[in-house]
Amino acid sequence: MYLYQIRDVDHFYGDKQVLSIEDLAIPSASITGLIGPNGSGKSTLLKLLGFLEEPTYGSILFQGRKAAPFSKVVRSRVTLLIQEPYLMRRSVFDNVAYGLKIRGDNREIRSRVSKVLEQVGLEPENFARRKWTALSGGEAQRVALAARLILKPNVLLLDEPTASVDAHSARLIRKASLKAREEWGTTLVVATHDWQWLYETCDSILHLLQGRLFKRGLGCAVYGPWRIGQNGLLQKELEDGQVLIAPKPEEGKLMAVLDPSRVDITLPGMGLQQGNCKTLNGFVTRLFLERNSATVQTAIKVAELVITIRMARNKVEALRLCPGKEVSVSYDPQEMEWF
Ligand code: ADP
Ligand code: MG
């Protein structure tokens, strides 16, 4: 069952088109990650999913029905947390309880506030009476999250929730959001550049560029500039001087993506150069055993690129991969895709 179905949405600010999404369905209780450069439309998409704005054209169905912005059905179920949230000039308690109070839901308000404060790692005895001014950025963000979690939302939309907070707060924000999904089946959509969100928690990753969804999954986007090299192929010089090769794009295509399922990992010196394949040197930065425990997400840093690959666990073990280990990444330039 899909919670959201987006069809032929085109969104404009004035005469500038900022979003164009033909078809996107988001299942209930899933975690979707949005990634893309600044201005690619992530926040706009979240605002539309939060029914804070209506798309200029097209429709967004929520639980199979069209929902009007700010309508009652979505107001109590869909909630958005932004990067720098606004707290009311009141105590932490009042901020967290506010949503319940305006709904006239005053049952056991104290214990409910205490419970969500604990969920976000703020001891109630220590924080409930604090003023909004006596909080660090990370604590304020966690108060804002608690104010949303107390509503047990069906949907929690997170717009770069951990971009401007300390690592400890970031971890607690992630944990509390995941718990909402576990406990209440809350659907999460998160715009982030944080790999721990994207690769360890998301069920699906959507790449946005200039308002378009151009790729789903673990693809590694490569930004220009490119120069023309041999045989009419394009070359991108990476920060460490290594060169990545791609075919020439069709007109209007902007970004090349290396599909991690098409690359092969070997140890340096061990790789047999096959056909037209090229190799790049990198090192393992992170290994993450997936829930099925047969595959390992292996992140490999090649200069400024991070290539995240799903590898069979036995292959990871055979190559004795561990963080810091040097590896060769071989890829076929003809398989680089342009978007
Ligand atoms: P992202 O969150 O990926 O950085 P945004 O969704 O914030 O991207 O912005 C997408 C585009 O829409 C940008 O070009 C931005 O300047 C423009 N934009 C966003 N909000 C508004 C607005 N309220 N009025 C006019 N233009 C806007
Ligand atoms: Mg944004």
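Mentor: Gladly, and keep in mind that this is a predicted model.

Trainee: Which residues of α7 are buried?
Mentor: They are Ser169, Ala170, Leu172, Ile173, Arg174, Ala176, Ser177, Ala180 and Arg181.

Trainee: How many residues does α7 have, and what span does it reach?
Mentor: Helix α7 runs over residues 167–184, which is 18 residues, and reaches 26 Å from its first C-alpha to its last, close to the 26 Å expected. Just after α7, Gly185 takes a positive phi of about 70°.

Trainee: Switching to charges, how many salt bridges are there?
Mentor: The count comes to 11 salt bridges. One of them joins Lys179 and Glu183, with the closest N and O atoms 2.7 Å apart.

Trainee: Where do Lys179 and Glu183 sit relative to each other?
Mentor: Both are in helix α7, and because they are 4 residues apart, about one helical turn separates them. Lys179 is partly exposed at 36% relative accessible area, and Glu183 is partly exposed at 41%.

Trainee: And which residue does Arg227 pair with?
Mentor: Arg227 forms a salt bridge with Glu237, the closest N and O atoms being 3.2 Å apart. Arg227 lies in strand β12 and Glu237 in strand β13, so the pair ties together parts that are 10 residues apart in sequence.

Note on methods. Residues are numbered from 1 along each chain as its sequence is written. Chains are lettered from A and ligands numbered from 1 in the order in which they are written. This is a predicted model: local features need pLDDT of at least 70, side-chain atom pairs count only at pLDDT 80 or more; totals for chains, interfaces and linings use all residues. Side-chain values use heavy atoms; hydrogens and water are left out. Helices (H or I, at least four residues) and strands (E, at least two) are DSSP runs, numbered from the N terminus. The expected span of a helix is 1.5 Å times one less than its number of residues. Buried means under 20% relative accessible area, exposed over 50%, partly exposed in between (1.4 Å probe, protein chains only). A salt bridge is a side-chain nitrogen of Lys or Arg within 4 Å of a carboxyl oxygen of Asp or Glu.
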